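The following note sets out points for a colleague who is reviewing this model.

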Amino acid sequence: MTITYSGDELFLQLRGDLLNYLCRKLSKDEAVDILQEIYLRWRRQDISSIENPRAFLFTVALNLIRDQARRQAHVQTYANTMQHLFQDKSADYDLAQHCDERRQIEYLQQALDQLPENVRHAFLLFRLDGLTFAEIALQMGISSKSVARYIQHASEHCLTALAQYR
């Protein structure tokens, strides 16, 4: 006699193990948030096609932990940049250089805004999130070759914009 469980029943059976795993890696609040996201992703799946639900759920958990770590790294980088920009500048601080850097950033932002959404998205995932072509392809549902073309196009467009600036 085979016992079958609904998706929710199966998730509830594994919920405690998932939460324990997440709590070992994250704070309790973060673990609960990620557990909720795992459940939402679980509900969107056709669970009848999943051979090993436990492995699937723990893989989703690990991927979400990695995503969160990337986001936190970006927030930290941004905070460090902002701190650097606003901390007391020494006497040798060159205001003209700072203004020039700000204009370059504005040119780059304008160049990025001119790109098609999918090209810009792939480029930012590569440059800011540090994802590989394969990871971007999987996330966007396209081939790695398309990702390479998108990033090449975005890079050339940004370099052209900077060349025009100078």
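1. Trp-42 has a relative accessibility of 2% and therefore counts as buried, since the cut-off for that class is under 20%. The model is a predicted one, and the burial of Trp-42 is thus a computed property of that prediction.

2. Phe-56 falls into another class: its relative accessibility is 22%, so this residue counts as partly exposed. That class covers the range between the limit for buried, under 20%, and the limit for exposed, over 50%.

3. How many aromatic pairs does the structure hold? There are four of them. One of these joins Tyr-21 and Phe-58 in an edge-to-face arrangement, with 5.3 Å from centre to centre and 65 degrees between the planes. Tyr-21 belongs to helix H1, residues 7-25, and Phe-58 to helix H3; the pair therefore ties together parts that lie 37 residues apart in sequence. Tyr-21 and Phe-58 are both buried.

4. The rings of Trp-42 and Phe-56 are tilted, because their planes stand at 50 degrees, with the centres 6.0 Å apart. The angle falls between the limits of 30 degrees for stacked and 60 for edge-to-face. Since Trp-42 is in helix H2 (residues 28-44) and Phe-56 is in helix H3, this pair links parts 14 residues apart in sequence.

5. Ala-61 also has its place in helix H3. With a relative accessible area of 0%, Ala-61 is buried. Which residues does Ala-61 touch, leaving aside those up to four places away in sequence? They are Leu-18, Tyr-21, Leu-22 and Ile-38. For Tyr-21, the separation from Ala-61 is 40 residues in sequence, while the C-alpha to C-alpha distance is 8.7 Å.

6. The second largest pocket has a volume of about 350 Å³. Its lining is formed by Arg-41, Val-60, Asn-63, Arg-66, Asp-67, Arg-70, Leu-131, Glu-135, Leu-138 and Gln-139. Two elements give two or more residues to this lining, namely helix H3 (53-86) and helix H6 (133-140). H3 supplies the largest share, five residues.

7. What is the make-up of the lining of the second largest pocket in nonpolar, polar and charged residues? Three residues are nonpolar, two are polar and five are charged. Among the charged ones are Arg-41, Arg-66, Asp-67, Arg-70 and Glu-135.

8. For the chain as a whole, the secondary structure consists of seven helices and zero strands. Read along the sequence, the pattern is α-α-α-α-α-α-α. Of the 166 residues in the protein chain, 28% are buried. The chain exposes about 11,700 Å², and carbon and sulfur atoms supply 52% of that area.

9. Among contacts in the protein chain with a separation of 6 or more, 56% join residues 24 or more positions apart. The pair of Tyr-21 and Phe-58, which ties together parts 37 residues apart in sequence, is an example of a link between helix H1 and helix H3.

Definitions and conventions: Residues numbered from 1 in each chain as written. Predicted model: local features only at pLDDT ≥ 70, side-chain atom pairs only at ≥ 80, totals over all residues. Heavy atoms only, no water. 1 Å grid on protein atoms, 1.4 Å probe; cavity = no way out; pocket = protein on both sides within 12 Å on 5 of 7 lines; lining within 4 Å. Points joined across faces, edges and corners; volume = space filled by probe spheres on them. Helix = DSSP H or I, 4+ residues; strand = E, 2+ residues; numbered from the N terminus. Buried < 20%, exposed > 50% of the residue type's maximum accessible area, 1.4 Å probe, protein only. Contact = heavy atoms within 4.5 Å. Areas by Shrake-Rupley, 256 points an atom, 1.4 Å probe, with all protein chains shown as cover. Phe/Tyr/Trp six-rings, centres within 6.5 Å; stacked < 30°, edge-to-face > 60°.
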